[in-house]
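Thanks for coming, everyone. I would like to walk you through one model today, going from the overall surface to the strands, and then to the helix and the core.

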Amino acid sequence: TGTVTFNDPNEVNPDLFITAQSRINDYEVNVLVQGNSKNPNIRLTSIPPLSDQDIISLLALGVTSSQLDQNVQSKDQQAQ
């Protein structure tokens, strides 16, 4: 959900308030985008807690960066 509010008719720099939620694997992920469009504040949270890097990896790839590293190491071991 979200709102975009244009406050200045002479500039395209609206105020943003956007929230998103998703359940990915065992994680509940929340994204909040707030502020003006030229300098938004983006807040990422999850339950159980993950780092921002892990949340981005989970959103983009469906796995956390540590899970991705484990998969790569496992494939390297299989190749040997």
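Accessible areas here come from the Shrake-Rupley method with a 1.4 Å probe, and for residues only the protein chains shown count as cover. On that basis the accessible surface of the protein chain comes to about 6000 Å², of which 50% belongs to carbon and sulfur atoms. Please keep in mind that this is a predicted model, in which local features need pLDDT of at least 70 and side-chain atom pairs count only at pLDDT 80 or more, while totals for chains, interfaces and linings use all residues. Residues are numbered from 1 along each chain as its sequence is written, and side-chain values use heavy atoms, with hydrogens and water left out.

How many helices and strands does the protein chain have? There are two helices and four strands, taken as DSSP runs numbered from the N terminus, with at least four residues (H or I) for a helix and at least two (E) for a strand. Along the sequence they follow the pattern β-β-β-β-α-α.

Turning to the strands, where pairing requires that DSSP finds at least two bridges between them, E2 (residues 15-24) and E3 are antiparallel and share ten bridges; among the partners, Ser22 is bridged to Val29 in E3. These two strands form a hairpin with two residues between them, and Asn25 in the turn has a positive phi of about 55°. E3 also runs antiparallel to E4 (residues 41-47), with seven bridges, and there Val31 stands opposite Leu44, the hairpin between E3 and E4 passing through four residues.

If we call a residue buried under 20% relative accessible area, exposed over 50%, and partly exposed in between (1.4 Å probe, protein chains only), then Asp54, Ile55, Ser57 and Leu58 are buried in H1. They lie on the same side of H1, because they cover an arc of only 160° around the axis, the arc being that of the directions from the helix axis to the C-beta atoms. The face turned away from that buried side carries the exposed residues Gln53 and Ala60, and just after H1, Gly62 takes a positive phi of about 85°.

Which residues make up the largest nonpolar core? By nonpolar core I mean a set of buried Ala, Val, Leu, Ile, Met, Phe, Trp, Tyr and Cys residues joined through side-chain atoms within 4.5 Å, and the largest one consists of six residues: Ile24, Tyr27, Val29, Leu44, Ile55 and Leu58.
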